[in-house]
Amino acid sequence: KDTIKSQAAEIERLKSLSATKPAASSGGAHSHHGGSAGTEDILDYKIKSFLSIAYERVWWLGVFLLSLSFTALIMSGFEHTLSKQIELAYFV
């Protein structure tokens, strides 16, 4: 119980410490600006309509389906080889 109490006190101390300190921006390449980009993305999805989000994503889905179909076409051409070389079939 003492360990839990000390950990809870440490968590509260760190929370109060992080709430009072402003986020320091170093201006370097690794600055994430407090995660605001993730919040903006979420807000974008709340504002946009379902159809506009679907329209943006359908192109990637089409590319994926075309590449999948092309892969299946190639594999069907090598079906005879794959049936004889089981190890190759497991690799693919």
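Predicted model: local features only at pLDDT ≥ 70, side-chain atom pairs only at ≥ 80, totals over all residues.
The protein chain contains five helices and zero strands. Read from the N terminus, its elements follow the order α-α-α-α-α. Of its 92 residues, 2% count as buried. The chain exposes about 8800 Å², and carbon and sulfur atoms supply 67% of this area.

Helix α3 spans residues 50-77 and comprises 28 residues. From its first C-alpha to its last, helix α3 reaches 40 Å, which is close to the 40 Å expected at 1.5 Å a residue. A bend of about 30 degrees occurs in α3 at Arg-57.

A nonpolar patch is found on the surface, formed by Tyr-55, Val-58, Trp-59, Leu-61, Phe-64, Leu-65 and Leu-68. Together these residues have about 760 Å² of accessible area. With a relative accessible area of 48%, Phe-64 is classed as partly exposed, because the exposed class begins over 50%.

Tyr-55 and Trp-59 are four residues apart in helix α3, so about one helical turn separates them. In general, an α-helix has 3.6 residues a turn, so residues three or four places apart point the same way. Tyr-55 counts as exposed at 55% relative accessibility, and Trp-59 is likewise exposed, with a relative accessible area of 56%.

Two salt bridges are present in the structure. Side chains of opposite charge can pair when their charged atoms come close. In one of the salt bridges, the side chains of Arg-13 and Glu-10 meet at 2.7 Å, N to O. These two residues are three residues apart in helix α1 (residues 2-20), so they are separated by about one helical turn. Arg-13 is partly exposed, with a relative accessible area of 43%, and Glu-10 is partly exposed at 35%.

Another salt bridge joins Lys-48 and Glu-56, whose closest N and O atoms are 2.8 Å apart. Lys-48 has a relative accessible area of 33% and is therefore partly exposed. Glu-56, at 41% relative accessibility, also counts as partly exposed.

Notes:
Residues numbered from 1 in each chain as written. Heavy atoms only, no water. Expected span 1.5 Å × (residues − 1). Bend = angle between axes of the 7 residues up to and from the residue. Patch = residues over 30% accessible without salt bridge, like charges linked within 9 Å, V, L, I, M, F, W, Y side chains within 5 Å. Areas by Shrake-Rupley, 256 points an atom, 1.4 Å probe, with all protein chains shown as cover. Salt bridge = Lys/Arg side-chain N within 4 Å of Asp/Glu carboxyl O. Buried < 20%, exposed > 50% of the residue type's maximum accessible area, 1.4 Å probe, protein only.
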